[in-house]
Amino acid sequence: MSYAAWLACCPLTVLADEPWPTAQLAPTGYSAAINSPTADVLPWGGAGLSLTNSNPERARKKPQGSFGSVNAGFGLLPGLELVGRLAYEGDLDCNLYYKSCAGGQRDLSVSAKYQLPIELPLDTRLALGFTDYGGAATSYRSYYGVATSTWGPLDLSLGYGRPKSATALLDGGFGSVVLRLDDHWAAALEHDSREARLGLNYLRPLGRDLALRVGASRKLTDSTGQQAWQMNAALNWVMGQTPEPFLPRRAPAAPQPLPQSDLQPSSLVPLSPQAQLTAEGLAQALQASGFAQISVRHSPAQSGQPALWQVRAESRRWRQSQIDALGAALAAWLKPVGATAADELLLTLTYQREPVLHAYTNATCLDGWLQGWTRCAGMAGMAEVEGQPGRALWLSRDGEWPAAVQARLQSRREAASPESAQQAFVDAGPAWLPQFEIGPGLRTAVGTELGLFDYSLALELGTEVNLAPGLFWQGVLSAPMLHSNDFKDGQAFAGYRPQELGFDSSLLSYWKALPHGVAAQASAGYIDRNYRGGMVEGLWMTEDGRWRLSATAGRFEHEITAARQTPLLGSARWSLVPGAWQLEATAGRFLGGDQGYNLASHHWFGDTMIRLFYRDTQGDAGTAMAAQRKFVGFTLSLPLGPKAAQELGPVTLRGSDRFAWGLQTKVGDKDNILTQGYGEQPRARHGLRTDVTDFDRNGRDDMLANSARLRAALAQQLAAPR
């Protein structure tokens with residue numbers, strides 16, 4: 001199969017491969033027929049954003065202004081959907097603390113539904129869910145169970161809801177019938193335990209991983225005073241490729257050896273009578289692929305040993321993901337003509353000229369791995385289990401290989417003749433030349449008494465300059481652009497926006513990889529515009545990436561108040577499903593001086609990550625954070641711009657490596673007083689927790705779980721013209 005054909009048949013994400021349920025994202029915070037839930041959930045890796053002109057639980061009280069809700073839903077795991085809801089009414093901008101304000105409710109809450117993993121007759125699904133968790137006011141809290149069966153084009157749902165708030169919608173039995181008229185249209189009839197509705201919705205794909213759903217319904221009864229007509233519009237999209245689920249710790253061997261004709265690189269890369277690949281030629285190919293600080297050593301085949309290529313390179317263009325960098329580097333070696341099937345490659349990728357990722361393979365096995373192999377006879381004698389072939393592609397974060405691989409590499413080095421070896425070095429410009437990343441700096445306050453949505457938008461320019469191996473300066477220059485009234489000088493959120501052009505952070509950092517999976521980083525300077533000082537971070541990770549322990553200690557002084565803070569934090573992270581789901585607990589003293597803990601659940605979909613968290617902290621008596629505060633919230637994080645940075649002469653420019661935005665709401669409090677600063681952790685933008693560990697996803701099992709994406713990255717690079 002050619003690379004072009006492979007790409008054509010195996011795209012990263014196809015909306016049709018993950019059929020969206022006929023259910024729509026309802027204003028009540030779940031997938032529903034119209035307003036009553038069904039047992040269907042958003043698919044794993046799917047997301048939805050909906051806007052509705054209704055809050056079905058209540059009648060409209062403010063005739064002026066707006067009335068409705070915004071919902072954002074995510075399919076976090078197979079069978080699990082989580083929905084954040086913002087319900088609103090009246091004037092959305094005025095201050096509710098003033099009697100003259102014509103605003104109404106501004107309610108921020110979260111809901112969840114889980115489809116039970118059981119098989120029942122008639123394609124019946126069962127789901128349990130809750131609505132309106134979080135916030136000082138829980139106007140819509142309820143619990144429910146629902147069953148949905150599919151009979152041809154019909155989806156029949158029946159459930160029971162138990163309200164925990166007087167205005168909750170579900171109160172007793174409810175049911176619905178959804179009729180799929182064709183691939184685009186569906187009609188629904190429901191009774192939500194209070195009212196009966198009839199509706200129609202339309203689904204329109206907008207691309208490979210995006211679709212628009214619009215719907216309208218009319219109330220058939222009039223028991224509650226809810227508005228008669230309800231309109232709904234939603235965008236559904238695939239956040240990113242989901243990894244191979246529940247990947248075994250040891251990948252299975254290929255059931256049968258492939259024919260000899262399939263073992264040659266010529267089956268994928270046509271050979272031509274051009275010159276044999278040289279160390280200098282490979283170094284130049286790596287430079288053209290976006291790498292710098294390149295060293296190549298080629299030991300030709302001799303004494304029964306195949307040729308060995310030892311390559312070390314720093315990524316200049318592929319900084320947002322080590323998977324993309326690895327795919328580009330492997331392609332630079334595999335694509336050129338002249339490489340023989342037995343040639344071996346030992347590849348090391350670096351960050352700030354220190355190693356962060358290692359790969360070992362040979363040309364035959366890499367070709368086979370690209371076609372789906374997990375093991376390869378060409379790696380015989382390097383298996384974890386006796387009698388099995390070795391891995392077709394070996395990956396290591398710290399270069400501490402299994403004994404069989406280590407012995408193989410040592411014998412190859414000893415057999416190499418210094419006289420016959422070829423070496424090449426390419427700097428591709430001085431290491432100190434800066435790399436820039438550009439993106440927005442967005443700070444928001446959502447659903448507060450001051451306004452429905454307040455914001456401060458700035459333009460950020462991040463910079464990294466390498467000074468020596470592991471030593472670099474990093475800074476973030478930001479320029480204010482736009483902000484809402486409540487972020488203006490003298491208003492409630494004025495202290496949380498950049499006042500003028502200046503550096504949000506400026507740090508001198510040094511990181512070093514230590515033996516046995518340990519790495520450390522020290523940083524000194526300004527962690528933000530107000531705090532100056534220094535901190536030390538340490539991290540240990542198992543080779544497979546399943547477990548990670550880390551610690552942070554720092555000392556900072558506020559520029560204006562001279563207040564001193566000494567954050568001291570420890571965390572443990574467990575990769576429950578490699579490449580997809582991580583659980584993390586952090587405890588200690590945070591940057592603001594408050595002490596407590598933070599529990600987080602990280603969900604990965606390609607480069608997109610959703611982080612859910614629960615936080616409980618309290619400051620010392622007499623401080624601004626003396627009260628104990630508990631929060632729940634989420635953060636959405638993703639890279640911006642093309643995957644490859646743009647080379648502008650000697651420097652590079654790329655989009656933000658990670659743009660993050662999220663919401664949080666207090667829980668357990670009876671008031672909705674604004675609270676800021678709790679649970680903040682000192683973080684350097686670049687280094688140990690980001691570029692070195694690839695944002696905590698370059699453990700071996702995480703990389704293996706994302707093999708499909710790495711294959712796609714390699715295939716795309718091989719198919720690209722030189």
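1. Glycine 593 has a positive phi near 95° in the hairpin of strand 32 and strand 33, where five residues lie between the strands. Strands here are DSSP E runs of at least two residues, and helices are H or I runs of at least four, both numbered from the N terminus. The model is predicted: local features need pLDDT of at least 70, side-chain atom pairs count only at pLDDT 80 or more, and totals for chains, interfaces and linings use all residues. Residues are numbered from 1 along each chain as its sequence is written, and side-chain values use heavy atoms, with hydrogens and water left out.

2. Strand 32 (residues 581-589) pairs with strand 33 (residues 595-605) in the antiparallel sense over nine bridges; pairing requires at least two DSSP bridges between two strands. Opposite glutamine 582 stands histidine 602 of strand 33.

3. Strand 33 also pairs with strand 34 (residues 608-618), in the antiparallel sense and over eleven bridges. Leucine 599 has tyrosine 614 of strand 34 as its bridge partner. Two residues lie between the strands in this hairpin, and glycine 606 takes a positive phi near 65°.

4. Helix 3 (residues 322-334) and helix 4 (residues 363-370) have axes that come within 11 Å and cross at roughly 130°. Axes are lines fitted to C-alpha atoms over the stretch in contact, with angles from 0 to 180 degrees between N-to-C directions. Leu330, Trp333 and Leu334 of helix 3 make the contact with Ala363, Leu366 and Asp367 of helix 4 (heavy atoms within 4.5 Å).
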